[in-house]
Amino acid sequence: FGSPDALYDWDDFTTHPCYQWAGLRCVRFDGHITSMNLLDMKLDGYLPENIGNLQWLEELYLGGNRLHGGLPPSISQLPSLYHLSLARCLLEGFVADQISSMKNMRILDIASNEFEGTL
């Protein structure tokens, strides 16, 4: 995602990310990341394929950043994700394949991108 100032503390691996890192919210008892709010943080790059490893993620807010390319297929492997905000990025490609299989999705904001197809 580049190296914006807002995420400067993400290089500190001596503390648990849920307690120190900007934009994260976690389950208290086990530390799994449940929410990632990185709206308008001047991030630049691609959504990584390993985003699908965040199995407890419920909310993902990445709108207003310079994210390129398409949605990685692994995003459809997030069983708890119900709110996805990717508005005002530079994303492109077909979105239906990844989103249509997400059974818990309730709020989807993908406006102002270059996606193709219908949901």
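Ser112 is exposed, with a relative accessible area of 56%. Exposed means over 50% relative accessible area, buried means under 20%, and partly exposed lies in between (1.4 Å probe, protein chains only). The structure is a predicted model, in which local features need pLDDT of at least 70, side-chain atom pairs count only at pLDDT 80 or more, and totals for chains, interfaces and linings use all residues. Residues are numbered from 1 along each chain as its sequence is written, and side-chain values use heavy atoms, with hydrogens and water left out.

Ser112 sits in the loop between β8 (107–109) and β9 (114–116). Strands are DSSP runs of E with at least two residues, helices are runs of H or I with at least four, and both are numbered from the N terminus. The phi of Ser112 is positive, near 60 degrees, and this residue is not a glycine. Most residues other than glycine have a negative phi. Ser112 touches Arg88 and Cys89, leaving out residues up to four places away in sequence. Contact here means heavy atoms within 4.5 Å. Leu86 is 26 residues from Ser112 in sequence, and their C-alpha atoms are 8.9 Å apart in space.

Asp40 is another residue with a positive phi, about 50 degrees, although it is not a glycine. Asp40 belongs to the loop between β2 and β3 (44–46). Its relative accessibility is 46%, so Asp40 counts as partly exposed.

The protein chain as a whole has 2 helices and 9 strands. Along the sequence, the pattern is α-β-β-β-β-β-β-β-α-β-β. The chain has 119 residues, and 44% of them count as buried. Its accessible surface comes to about 6,900 Å², and carbon and sulfur atoms hold 51% of that area. Accessible areas come from the Shrake-Rupley method with a 1.4 Å probe; for residues, only the protein chains shown count as cover. Among contacts with a separation of 6 or more, 44% link residues 24 or more positions apart.

An open sheet is formed by 5 strands, in the order β1-β2-β4-β6-β8, with mixed pairing. β1 (24–26) and β8 stand at the edges with a single partner strand each, so one side of each has no neighbour in the sheet. Neighbouring strands of this sheet are turned by 15 degrees against each other on average, direction ignored. For such angles, axes are lines fitted to C-alpha atoms (for helices, over the stretch in contact), and values run from 0 to 180 degrees between N-to-C directions. Two strands pair if DSSP finds at least two bridges between them. Strands of a sheet pair through backbone hydrogen bonds, either parallel or antiparallel.

Both senses occur around β2. β1 and β2 are antiparallel and share 3 bridges. In this pair, Cys26 stands opposite Ile33 of β2. Strand β2 (residues 33–37) is parallel to β4, again with 3 bridges. Here Asn37 has Tyr61 of β4 as its bridge partner. β2 is mostly covered, as 4 of its 5 residues are buried.

Glu59 lies in β4 (residues 59–61). The residue is buried, with a relative accessible area of 10%. Its side chain makes a polar contact of 3.1 Å with the side chain of Ser35. Another polar contact, of 3.3 Å, joins the side chains of Glu59 and Tyr61. A polar contact is a pair of N or O atoms within 3.5 Å; within protein, one must be able to donate a hydrogen and the other to accept it, and residues adjacent in sequence count only if both atoms are side-chain atoms. Beyond four places in sequence, the contacts of Glu59 include Arg25, Met36 and Tyr82.

The average pLDDT is 84, and 82% of the residues score at least 70. pLDDT is the predictor's confidence in each residue, from 0 to 100. Over residues 7–14 pLDDT stays under 50, and the model has 13 contacts beyond four places in sequence for this stretch. Where pLDDT is low, the predicted coordinates should not be read in detail.
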